[in-house]
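User: I have a protein model open and would like to go through it with you.

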Amino acid sequence: MGVNVAYNQPPHTGFHLGAGMEQPAAPNIRYVGAPEEPEDTTPPIITGMPAEQMKEDDVLKVNVKAEDLESGITLLKLTWDDRVVNQGDEITLTGLAGKHTFTARAVNGAGLITEFDGHCC
């Protein structure tokens, strides 16, 4: 019986964690007296965007990466026709006529954003 007797706190968080939650900004933590770090002025680099021309029988394998050597990546959001996709997903193009949009949005630790909208197929 006596669970949480030392702190008398509920066993659950008092805030929301989970699906549908936006990625919180990376905390800016510094030590008192630490040397100043140079300000990150370069946005993230996104690689691996799909080719603009693909055939109807192709399968698009999501392999998009974002990189920022100065402050790291805090968010990489990938969408296919406004639907969220994940790294490693495979999108079968069979029966998908017309133009489609693949979007990659990356945010680094300094809050700088790179966004690519690629039209393919």
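User: Which residues line the second largest pocket?

Analyst: This is a predicted model, where local features need pLDDT of at least 70, side-chain atom pairs count only at pLDDT 80 or more, and totals for chains, interfaces and linings use all residues. Residues are numbered from 1 along each chain as its sequence is written, and side-chain values use heavy atoms, with hydrogens and water left out. The second largest pocket is lined by Met21, Glu22, Gln23, Leu75, Leu76, Lys77, Leu78, Val84, Val85, Asn86 and Gln87.

User: Which element gives the largest share of that lining?

Analyst: Strand E4 (73–80) does, with four residues; strands here are DSSP runs of at least two residues, numbered from the N terminus.

User: What does Val85 touch?

Analyst: Leaving aside residues up to four places away in sequence, Val85 touches Val62, Leu78, Thr79, Trp80, Ile91 and Phe102, where contact means heavy atoms within 4.5 Å.

User: Changing topic, is Asn63 exposed, partly exposed or buried?

Analyst: Asn63 counts as partly exposed because its relative accessibility is 42%, and that class lies between buried, under 20% relative accessible area, and exposed, over 50% (1.4 Å probe, protein chains only).

User: And where does Asn63 lie?

Analyst: Asn63 lies in the loop that runs between strand E2 (59–61) and strand E3 (65–67), and, not counting residues up to four places away in sequence, Asn63 touches Thr47, Gly48 and Gln87. Gln87 is also among the residues that line the second largest pocket.

User: How far apart are the C-alpha atoms of Asn63 and Pro50?

Analyst: They are separated by 8.3 Å, although Asn63 and Pro50 are 13 residues apart along the chain.

Methods: 1 Å grid on protein atoms, 1.4 Å probe; cavity = no way out; pocket = protein on both sides within 12 Å on 5 of 7 lines; lining within 4 Å.
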